[in-house]
There are 2 protein chains.
Amino acid sequence: MEFSSKLIERAVNEMSQLPGIGKRTALRLVLHLLKQPKEQTGFLAQALVAMREDIKYCASCHNISDSALCEICANKNRNHQIVCIVEDIRDVMAIENTGQFRGIYHVLGGKISPIDGVGPSQLNINTVVEKVKSGSVNEIIFALSSTMEGDTTNFYIYKQIGDCGIIISTIARGISVGDELEYADEVTLGRSILQRVPFEKTFKNN
Amino acid sequence: MEFSSKLIERAVNEMSQLPGIGKRTALRLVLHLLKQPKEQTGFLAQALVAMREDIKYCASCHNISDSALCEICANKNRNHQIVCIVEDIRDVMAIENTGQFRGIYHVLGGKISPIDGVGPSQLNINTVVEKVKSGSVNEIIFALSSTMEGDTTNFYIYKQIGDCGIIISTIARGISVGDELEYADEVTLGRSILQRVPFEKTFKNN
């Protein structure tokens, strides 16, 4: 791409470093900013820099937080003996949205993925193992995505925890609510039959 | 969406003001920046602010430029008597990429679109009309997109120019190179038959 202005070129190059944004999309976004008041670009730039510079992580669960302990970890009404292990803040938000979980979280910050160069040492795995070994936890729930990397990470943590006598569970895999059976993939459908649940559980609230 | 951090919330809100970027995409982009070195966010923010603050427009054609006259308008080897009227910088880049045009451009900055509140006075229409009336132009080529707004804008400029004795042309509409005839829409196919060209023109270079 040949640009008539170095300023545009630089902005497009920086913008297209973001995932899923190519040069054409970046140019569209940059031209959009040009048509808006100057303040909008200023606000965007300030918000990004402030976020990147001042971001804090909860000392207990490693979730993104504005204080030393996140709201969930600081909440005494939640069950601190049940820890749900997730990949990042988006998963915390998704589970919180369901309103079905009253325990606390542990944010790993990623999944073990040798292809992307992510090993166990780059993730927040040690702290959850220590938490378990200190005896303050009753149950661990694995809630990573159902991929090779997710399964590997689950298994690694499972091995690290060893035999501590706590409950280790994983979120249920099965047919999505509202899905047609005939379009489900066979692995999911197979699991949903093997791991069938008592019918009464589906309409009694826990 | 409930965020565990005001910093993230603010960054996501600003990011999702951009066209085609919703809250979920914005969150994905913001979390990506968090995983990258701090400098990357700094560079992005600086590039955007510099672009927005220091951007200049060519005094002649209104294209984005780093100097008072853009490279194309300053180039004496180009034919300044043929002016191609386009909507924005992306169209200039697209036509330049073809290598088929050696005239100069005139960037309107948009199309007349009452629905979006864009009238003729917000576009760079007067300057092109003046250019034509000053007698320095031999031919005007309309190269706006083939929509109701594009056609309206073409017609408005055509009326403004009046009878100046110059050539007023528009880029050819027809079947795209490589397209199957049976899938072409009927308006395009109809036009391509009405506006058929001598066969020799398609293999002789002009």
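Visitor: How many disulfides does the rule count over all chains?

Guide: This is a predicted model, in which local features need pLDDT of at least 70, side-chain atom pairs count only at pLDDT 80 or more, and totals for chains, interfaces and linings use all residues. Side-chain values use heavy atoms, with hydrogens and water left out. A disulfide is a pair of cysteine sulfur atoms within 2.5 Å. Over all chains, the count by this rule is zero.

Visitor: How far is the sulfur of Cys164(A) from the closest cysteine sulfur?

Guide: Cys164(A) has a relative accessible area of 34% and is therefore partly exposed. The closest cysteine sulfur is in Cys84(A), too far for a bond, at 18 Å.

Visitor: What rotation superposes chain A on chain B?

Guide: Copies are superposed by least squares on the C-alpha atoms of residues with pLDDT of at least 70 in both. The superposition has an RMSD of 0.1 Å and a shift of 0.1 Å along the axis, with a rotation of 180°. The two copies are thus related as by a two-fold rotation axis. In chain A, the C-alpha nearest this axis, 2.2 Å from it, is that of Ala45(A).

Visitor: How much area is buried between chain A and chain B?

Guide: Contact, meaning heavy atoms within 4.5 Å, joins 53 residues of chain A to 53 residues of chain B. The copies meet through the same surface, because 100% of the interface residues of chain A are also interface residues in chain B. Buried area is the accessible area (1.4 Å probe) that two parts lose on being put together, summed over both. Carbon and sulfur atoms give 68% of the area buried here, which is about 5300 Å².

Visitor: How many salt bridges does the rule find across the interface of chain A and chain B?

Guide: A salt bridge is a side-chain nitrogen of Lys or Arg within 4 Å of a carboxyl oxygen of Asp or Glu. The side chains of Lys38(B) and Glu53(A) form one, at 3.8 Å from N to O. Across the interface, the number found is two.

Technical notes
Residues numbered from 1 in each chain as written. Chains lettered and ligands numbered in written order. Buried < 20%, exposed > 50% of the residue type's maximum accessible area, 1.4 Å probe, protein only.
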